[in-house]
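These are my notes from an afternoon of looking things up in one structure. I wrote each entry as I went.

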Amino acid sequence: MTAEKMLAAAQAACEAAVGAGADMAEVRAAEGRGTSVRVERSAVDATESRSTRGASIRAFSRGGLGSVSLDGLDVDTLVAAAKQAAEMARSAASDRDFKTLPGPSPCPEVAGLYDPRIENVGVDALAGIIMESVQAAKNVAPDALCTGSADAYCGVSALANSLGVALTARSSHISAWVQPVIRRGDDVGSFYEWDAACRMADFDHRQMGATAAETAVCLLGSGKIESGVLSIVLGPLAANSVFHALAASAEAESHQRGRSWLQGRLGTKIASDVVTIHDDPSIPAGLGSRPYDSEGVPGRRMAIIENGVLVNLLHNSYTANKAGVPYTGHARGGGIGPANVVPALGTIPARDIIAQVDRGLYINMGSLSPDGTTGEVSASVDFGFLIENGEITRGVQSTMIGMNGFEMLANIDAVSSDARVEPGMLMPSIRIQDVRVAGGSA
Amino acid sequence: MKDLLEKLRDEGIKRGASFVEARANERAMNNIVLQDGRADKLYQRSILGTGVRVLLDGCWGFASCTGASLDEGLAALDAALAGARATRAARDEEAVVATVPAAVDERASAFETDPRSVPVARKMELLEKLDQAGFAKGQGRLVNRILSYGDSFQRETTVNSFGSAIVSEYTRTSATCTFVAQDGDVRQEAYVRKASQEGFELLERLDPSDFTEEAASRAVGLLTARRAPSGTFPVIFHPSITGLLTHEALGHNAEADHVVAGTSILAGKMGEALASELLTIVDDATVPGSWGSYFYDSEGTPGQRRIIIENGRLAGLMHSLETAARTGAAPNGSGRAQEYTDRPVVRMSNTFIAPGASSLQNMLKDIDLGVYLNGGHWGYVFCERGQFTCHAGGGWMIRNGELAEPIRDVSVAGMTLETLANIDAVGSDFELTMPGMCGKCGQSMPVNAGGPHVRVRQMVVGGQQEA
């Protein structure tokens, strides 16, 4: 189906919902095709091809929501579903905090989100990509058993609402991941690497297998450590998960509902001076980029944390209207979420940050984020190493960290000047002082 | 639907596939979200689509399409065959499937009241009553209350080249409440979920004292709990979190696709003693009405009771048709697919530790300083290393053989083989009360988990302060 026909069907459904008694309505429709090749034991295991089309309809009556999602895009089906959504909205309790859906706004194009070359990536090409990655891993560790996959997706979507929003977009995505497992007797080392892009020119899987295998080799011989209070350095992937969690914790709904650990902290200092985070949906070809959010509101680069101060929350139309603030363009599938989380870089290279640690942990990958409600951290060090006298020495296992989230943010004393770069993503390393580490060694 | 799938199967065989499986999934789901006293969000989701999996010259191909038309089904079959052909050169050994007897059957899960026949106003009325009971129990400390009700009807139709033609219908109902309590800077959350294969009677019979009042009491109680200790301790698991330990520490490693792929620490250990004789672990897809039960898996093999650990020895794994053929085992009905867009993957159903003989008092009395965990929240495992993490809803310190002060925000971690070997007491009680969704390979499947109280001699506790 063409984007124009899809939009026309979405608009017809909006009209039907309003005709059936909804105060206002919104329809998102999408069609796409995805292909995957999965690898197991270092050889191709299976291929998958998915052809999908469907729509999601939201109708509002006195603020109450009726939402219907369905597979299929024919107009009659959408119109019937829209009427059903309107009926559900009328049955729902009213919500006086709901004011209105957004009206139409100019949405500047974000370049590089669709690459027709990805349409033509077939199963054989994906098999080639993932098998090259497997070979790269085996060049480092011939005994590695690799699991992984390569995936490509292209789709078209339309968004309409009863206030006149009428938008279409095309998107493409290609990604691959590989996980080499190296087993030597009872000793096991493994790691995971990935690459992803919206356009072929940004996709580079060549280093992925080798990097994963090198880290997996380093994790062989991991052992237990003693408990203590240590400095920890989060590598780019682990730090990225913390930054993402912080951005997600700035979503306004959880603040307005009183369930966020950062509630009431807007405008106050929540982290050390070295922490600055922006969200930017307009980065060309960014993995999280979008010309408009899921309600049709364009986004812009926006600071979330500036020198440790929480300066902005992320809003959809509901929360922005409730708070009486401008839209920020962060609606995502009925909820709220960041686009591209971009931390500000520091002044010291990651190797120097590590070199300054006498005894600590280097954490390569893992989720060490504060709980979204309580703000407490109680997490495993899944892929971590001991730092001794400024050098990474050996892998650790059966190790956990525990800390209060505010203490953790206040104790971030360094953000690296260098970073891993992926489309739309900037991933520096960070150091956190005085972290309580539970080790499995007596 | 069966006719369409049989045509696709026959066409696949005609085009040279040695095995063909055509599957359709129809699903209708309704959800109501009541937040802070207002049921102001109603959701409905319908799913209908077709998936075709072929084995051609020893290579797998799978493709799916929205809807249930012959034209699009044939296009999906073409794509599946093309995928298999395109990867022939990159495959190092031929894929195989074990043969199972053909089954032609139609089954439907039991319910008393079809949720689809109940007016939404009645559902909202019951939710509001439950919410009010919880609110009253919250001592004015609850700052956010979310109740979520869901019902779903699913019909999965599987036809394969063994001659099987299975129609399985499942009616599932669930109710979840998540309450947040606050006192000054301390904010705590409690979560209670009820979910099973039954009808609207689940909501009608829900006792607030076991649901919203329980969540309110827990959330408020956690406000005065202390932060968890950091270090290595003896740990007792309440039955409400034993299931999480079982699922994460052992269950995923006993999925035979991990063993075949070389990513399970159980590879090559069949028959070995991994734990004390106290420990027996079962995955049982036949528990009546349980959230994780099913009649047939998505490959058309009957769901079964599988003993994974028997008196401490590794006794079996969960198998799909392929992993059974690869390892010389019998298929035991573990190949499950979430939707028509997904190929079957080896999955758990209802996984639990069988009851033993110990009492909680006996478990406690030997512990000078330890941790008692309650309420499984979430967990994960890296199967290849057998390294797992479980997060609890809360717990208590154990001091001098007795439960002492409550604790909050606590996770524990361990290595699977070491932890199994360290289980030194298994309780005589039993609960199968962790109905949830398990994620694997991008698919989310309904599972349940449980067991009795168990004691682990030593585990790492990731707390925020000293004991």
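**Entry 1: between the chains, strands**

Which residue in strand 2 of chain B does A:Leu70 stand opposite? I looked it up and found B:Ser46. I note here that the model is a predicted one.

I then looked at the strands around this pair.

**Entry 2: between the chains, totals**

**Entry 3: between the chains, helices**

Two packed helices are described by the angle between their axes and the distance between the axes. The crossing is right-handed.

I listed the residues that meet. From helix 4 of chain A they are A:Val123, A:Asp124 and A:Ala127, and from helix 2 of chain B they are B:Ala82, B:Gly83 and B:Ala86. By type, this contact has four nonpolar residues, one polar and one charged.

**Entry 4: helix 4 of chain A again**

Helix 4 of chain A also packs against helix 5 of chain A (residues 208-219). Here I found an angle of about 35 degrees, with the axes 7 Å apart. This crossing is right-handed too. Among the residues of helix 4 that make the contact are A:Ser133, A:Val134 and A:Ala137, and helix 5 contributes residues including A:Met208, A:Gly209 and A:Ala213. I sorted the contact into nine nonpolar residues, four polar and one charged.

**Entry 5: chain A as a whole**

I found 10 helices and 21 strands in chain A. Its radius of gyration is 24 Å, close to the 22 Å that the globule rule gives for 442 residues, so chain A is as compact as a globular protein of that length. Along its principal axes, the C-alpha trace of chain A spans about 70 × 55 × 35 Å.

**Entry 6: a sheet in chain A**

In what order do the four strands of the open sheet in chain A come? The order is 11-10-9-14, with antiparallel pairing. Strand 11 (309-310) and strand 14 (341-343) are the edge strands, each pairing on one side only. Strand 9 (residues 277-279) is joined to strand 14 by three bridges. A:Asp279 stands opposite A:Val341 of strand 14.

**Entry 7: a sheet in chain B**

Chain B has an open sheet of six strands in the order 12-11-10-15-22-21, and the pairing is mixed. Its edges are strand 12 (313-314) and strand 21 (436-440). Strand 15 (residues 350-353) and strand 22 (residues 443-450) run parallel and are joined by three bridges. B:Asn350 stands opposite B:Asn448 in strand 22.

Last, I looked for a helix on this sheet. Helix 6 of chain B (residues 239-251) packs there, touching strands 10, 11, 15 and 22 of chain B. The direction of helix 6 makes about 105 degrees with that of strand 15.

How values were computed. Residues numbered from 1 in each chain as written. Chains lettered and ligands numbered in written order. Predicted model: local features only at pLDDT ≥ 70, side-chain atom pairs only at ≥ 80, totals over all residues. Left-handed = near helix turned anticlockwise from the far one by under 90°. Helix = DSSP H or I, 4+ residues; strand = E, 2+ residues; numbered from the N terminus. Contact = placed C-beta atoms within 7 Å. Nonpolar A, V, L, I, M, F, W, Y, C, P; charged D, E, K, R; others polar. Pairing = 2+ DSSP bridges. Rg over C-alpha atoms; globule rule 2.2 N^0.38 Å. Axes fitted to C-alpha atoms, helices over the stretch in contact; angles between N-to-C directions.
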